[in-house]
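I opened my notebook to look up a few helices and their surroundings. The entries follow in the order I took them.

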Amino acid sequence: MRSADNPYSPGAGNPPPELAGREDILERASGILERTLNKRMTRSMMILGLRGVGKTVLLNRIQQMADDAGCVTAFMEAEGGQALPNLLAPHLRRILLKLDTQERARESVHRAFQLLRGFASAFSVKFGGIEVAVAPEAVTGDLSLDLTDLFVAVGEAAAKRGTPVVILIDEVQYLSRNELSAVMVALHRVSQKQLPLLLFGRRAALRLR
């Protein structure tokens with residue numbers, strides 16, 4: 001085969017000509033998005049698998065599906081040594097700015113911004129290299145409790161706006177056990193309150209020897 005005709009696309013996250021054999025994952029993701037758009041309770045989704053099997057490509061495709069459906073999305077990649085609050089906060093700020101375009105959602109968005117500022121201060125989040133230094137707003141310093149309050153506030157703003165929020169996190173394996181637990185607790189509460197906030201994650205599995 002000539003190299004020019006080779007369908008293989010080297011590089012992490014580079015899309016192949018066709019996502020063969022991944023239809024069931026995309027169909028499940030589509031169903032989750034559809035249920036959320038129809039204001040029906042659903043769950044977030046985690047994609048697991050060995051490195052190099054196309055998980056990041058799937059995550060990118062799911063983001064495109066969510067964008068096409070009219071959701072507000074944020075794609076982020078976890079890195080070793082980066083704390084979860086520093087990963088999430090800048091993207092949540094961008095999400096809230098996108099939601100703050102209708103009068104009916106303004107009050108909810110404002111409350112979510114207040115919680116985000118408190119969250120950023122409590123966990124020493126830096127925006128553009130500048131550490132946030134404001135008085136915490138209704139935060140405890142407990143990641144699980146504060147992240148739950150923040151996700152709920154963002155979900156309530158999304159509900160008022162009538163626009164689902166979809167967060168996509170690549171390389172979830174770099175989150176600590178405590179951070180991953182906090183995310184699960186927050187998403188569980190969001191689901192209980194039937195708020196339109198979803199998380200799609202991608203986690204590399206360890207290869208067994």
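Is the crossing of α1 and α2 left-handed or right-handed? I looked, and the crossing of α1 and α2 is right-handed. I keep in mind that this is a predicted model.

Next I took the geometry of the pair. Helix α1 spans residues 23-37 and helix α2 spans residues 55-68. Their axes come within 10 Å and cross at roughly 35°.

Then I listed who meets whom. From α1 I noted I25, L26, A29, S30 and L33. In α2 they meet L58, R61, I62, M65 and A66. By class, I count 8 nonpolar, 1 polar and 1 charged residues in the contact of α1 with α2.

Is T56 buried or exposed? I find T56 buried, because its relative accessible area is 14% and the cut-off for buried is under 20%. The side chain of T56 makes a polar contact with the side chain of R202, at 3.1 Å.

I moved on to helix α6, residues 177-192. Helix α6 has 16 residues. From first C-alpha to last, α6 reaches 23 Å, close to the 22 Å expected at 1.5 Å a residue.

Which residues of α6 are buried? I wrote down E179, A182, V183, A186, L187, V190 and S191. I recalled that residues three or four places apart point the same way, because an α-helix has 3.6 residues a turn. What covers the buried residues of α6 includes α3 (84-99), α5 (143-161) and β6 (197-204).

Last entry: Q194 follows α6, and its phi is positive, near 55°.

Definitions and conventions: Residues numbered from 1 in each chain as written. Predicted model: local features only at pLDDT ≥ 70, side-chain atom pairs only at ≥ 80, totals over all residues. Heavy atoms only, no water. Helix = DSSP H or I, 4+ residues; strand = E, 2+ residues; numbered from the N terminus. Expected span 1.5 Å × (residues − 1). Buried < 20%, exposed > 50% of the residue type's maximum accessible area, 1.4 Å probe, protein only. Contact = heavy atoms within 4.5 Å. Axes fitted to C-alpha atoms, helices over the stretch in contact; angles between N-to-C directions. Left-handed = near helix turned anticlockwise from the far one by under 90°. Nonpolar A, V, L, I, M, F, W, Y, C, P; charged D, E, K, R; others polar. Polar contact = N/O pair within 3.5 Å; in protein donor to acceptor, adjacent residues only side chain to side chain.
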